[in-house]
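My notes follow in the order I looked things up.

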Amino acid sequence: MVEPQTFADLPTLAQRLRNELQTKKFVLLYAYNGTGKTRLSAAFKDLGKNNDERDTLYFNAFTEDLFQWDNDLANDRERVLKINKDSRFF
């Protein structure tokens, strides 16, 4: 088991997550409401900015119309990511 770590601020934690993604396909975070997940994701996104280029699709209330999941809760067999073709982003 990995020992817990403390980070000085959100940008430091966001950089740590970016470093982890150099060797991993994904990082899964879970936290209760009100703990700063949205602020952390914004810090992560900001680190990926390079002038007009970005490397992160930032998911928030403004972009949640981009896609939705069909988790097939009834059968638990076929999960599908449905892209909203009517979104102005596509």
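Predicted model: local features only at pLDDT ≥ 70, side-chain atom pairs only at ≥ 80, totals over all residues.

**Entry 1: arginine 18**

I started in helix α1, residues 10-20, where arginine 18 lies. Is arginine 18 buried or exposed? Its relative accessible area is 12%, which is under the 20% limit, so I logged arginine 18 as buried. Next I listed what arginine 18 touches, leaving out residues up to four places away in sequence. The list reads Phe44, Lys45, Leu47, Gly48, Asp55 and Thr56.

**Entry 2: the partner of arginine 18**

I then checked Asp55 from that list. Aspartate 55 forms a salt bridge with arginine 18, and the closest N and O atoms are 2.9 Å apart. At 52% relative accessibility, aspartate 55 counts as exposed, whereas arginine 18, at 12%, counts as buried.

**Entry 3: α1 against α2**

How do the axes of α1 and α2 cross, and at what angle? I found that they come within 8 Å and cross at roughly 65°. The crossing of α1 past α2 is right-handed. From α1, the contact uses Leu10, Pro11, Leu13, Ala14, Gln15, Leu17 and Arg18. From α2, it uses Arg39, Leu40, Ala43, Phe44, Lys45 and Leu47.

**Entry 4: other salt bridges**

How many salt bridges does the structure hold? I counted seven. One of them joins arginine 16 to glutamate 20, with the closest N and O atoms 3.0 Å apart. Both residues lie in helix α1, four residues apart, about one turn of the helix. Arginine 16 counts as partly exposed at 30% relative accessibility. I also looked at arginine 79, which bridges to aspartate 76 with closest N and O atoms 2.1 Å apart. Arginine 79 is partly exposed too, at 47% relative accessibility. Shared partners join Arg16, Glu20 and Lys24 into one salt-bridge network.

**Entry 5: a nonpolar patch**

Last, I went to the surface. Phenylalanine 26 lies in the loop between α1 and α2 (37-47). Its relative accessible area is 61%, so I logged phenylalanine 26 as exposed. Together with Leu21, Val27, Leu28 and Leu29, Phe26 forms a nonpolar surface patch with about 520 Å² of accessible area.

How values were computed: Residues numbered from 1 in each chain as written. Heavy atoms only, no water. Helix = DSSP H or I, 4+ residues; strand = E, 2+ residues; numbered from the N terminus. Buried < 20%, exposed > 50% of the residue type's maximum accessible area, 1.4 Å probe, protein only. Contact = heavy atoms within 4.5 Å. Patch = residues over 30% accessible without salt bridge, like charges linked within 9 Å, V, L, I, M, F, W, Y side chains within 5 Å. Areas by Shrake-Rupley, 256 points an atom, 1.4 Å probe, with all protein chains shown as cover. Salt bridge = Lys/Arg side-chain N within 4 Å of Asp/Glu carboxyl O. Axes fitted to C-alpha atoms, helices over the stretch in contact; angles between N-to-C directions. Left-handed = near helix turned anticlockwise from the far one by under 90°.
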